Amino acid sequence: MIVDKVSPIIASLTYSLSPEGPLPSPDGNPDTTQRLVPVLRSQASHTNSSQAYLLRDCGEDIQCIPDLQIISARVNISEGKEDTIVIGEVTTITVFVAVRNVKENAYNARLIATFPRELTFTAVVQLENSLVSCDHIRDETTQVTCNLGNPFQANRAIEFGVRMGVGGLTASTQNFTVLLDVISDNPENDTTMADNRHETDVIKTVSQSVFGFYEGKANPDQLEFNPANPSVDIFATPVTELDIGRQVNHTYTVLNAGPSSVSSSTLVIHWPLKVKEGNGTYLLYIVRIETPVGANCETDGLVNPLNLLTTIDLNTEPTTTTIDSSLVAREKRTVRTFRTSRRVRQTQSAEEDCAHNSYASCVAIQCQLQHLDKDESAEVTIVSRLFERSLALDNIKKLDISSVASVVPQNLLVLDGLPNSYNLTTHITQPAAVTDESIEIWIIIVVVVVTVLLLVAVVLLLAFLGFFKRAKKDQLKKEKQELAAKGDPTLHVDNGDYDG
């Protein structure tokens, strides 16, 4: 198929002498002494050429001068959005263009639409038998070239749409416009070129998601501890993490419920690392931090600062059950262990929340979480050990140990639905068998005094009523005789001795 119908078809003939020398004589032997050697005229051209033009409807001058115009251009965003692309929710946009030619034929006429590189060409939307074909190239931008006709005839108009996929847009994509140019192989006059270019209205992009903490787990959420009988030897120098105390894990799960993806987010966990006062040093001693692959936590040497052998080093099962980290939307990412990092950032208000019982001294551990698509989650677990020596020496019988986490996404409008902060608490309680039920001595004294006074009052009352008075023997006998004399048959008078 001939594409270039403007340039002429050129035919050329070039001639020269044969380099093989003079032809042989009739007898077959060359005779250079008796034959003339031909030569070419040096001043003449050795090439003859001619050209022919394709038959075009361009008048007698064979020059077609078009006047291409972009009449209108509008952007239609799918999912019913008028002028804003919600990243992750909107899937395509369509740019509808109307082009016309008001003068002579335009050969190899085409529309060039320039989009951001993140957009991908999807399809041509044909309107009223437009029969436009498009192709695209992708470099620093995505450029779509649509063939309007060869020729795009005079006094003709055409309207069609270019559909683009926007799935590659991210939160970092800025608002953008689409640049449209209409051109042909036969140029038009400079005076009519102003309407050959059009820039669409600004297309706004926004990233918005329901983003925050899906769940948090303290494992265990309650731990029995008797300061008189700790589970480890508090006076021995610890060698392994098992020598410190029992394991305490706090797990925070961050979920992006969509619709947009989250390029990155910052998770800050305020951790009750040490005690403020007392004979001990640590409260929840950090053994390791488990994070998704690609995440980075800044701990400034707070992870296993005593260089104790861990259960991983010892190939020993931990003393607590494994935390169930299954999520409703997607499988958990593979985790890795961090043992070194860079720095710790302190936040006064976070310390107050973490150390609400005024016993813990808290530090802030900052973790950078990587890209999260819709319905994808990230889980961070701080694996620690209760430093039982501190609680035993300070005679701590009951204590609530809390950690507080907050998460902030980058370049994202956060929708309501999930909290952006979360609190986990492990309750330290005494075993039931050693619960302290002692009664203060002053209570005992008060009870005894009140009891004695009440007893004395009862005795005095009975004495006042004559409860303790007894009739004499003779008087009692006399009263019985008098009653018998009156004829009471129920009385029997014993003349013998009365024993009372």
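Modeller: Strand S5 (residues 92-101) and strand S10 (residues 156-165) run antiparallel and are joined by 10 bridges. Within this pairing, Val97 has Phe160 of S10 as its bridge partner. Strands here are DSSP runs of E with at least two residues, helices are runs of H or I with at least four, and both are numbered from the N terminus; two strands count as paired if DSSP finds at least two bridges between them.

The model is a predicted one, in which local features need pLDDT of at least 70 and side-chain atom pairs count only at pLDDT 80 or more, while totals for chains, interfaces and linings use all residues. Residues are numbered from 1 along each chain as its sequence is written, and side-chain values use heavy atoms, without hydrogens and water.

S5 and S10 belong to an open sheet of four strands, ordered S3-S5-S10-S7, with antiparallel pairing. Strand S3 (68-77) and strand S7 (120-126) are the edges; each has a single partner strand, so one side of each lacks a neighbour in the sheet. From one strand to the next the twist averages 25°, with axes as lines fitted to C-alpha atoms and angles running from 0 to 180 degrees between N-to-C directions.

As for context, the protein has five helices and 25 strands. Of its 500 residues, 38% are buried, meaning under 20% relative accessible area with a 1.4 Å probe, protein chains only. Among contacts (heavy atoms within 4.5 Å) between residues at least 6 apart in sequence, 81% join residues at least 24 apart.

Methods. Buried means under 20% relative accessible area, exposed over 50%, partly exposed in between (1.4 Å probe, protein chains only).
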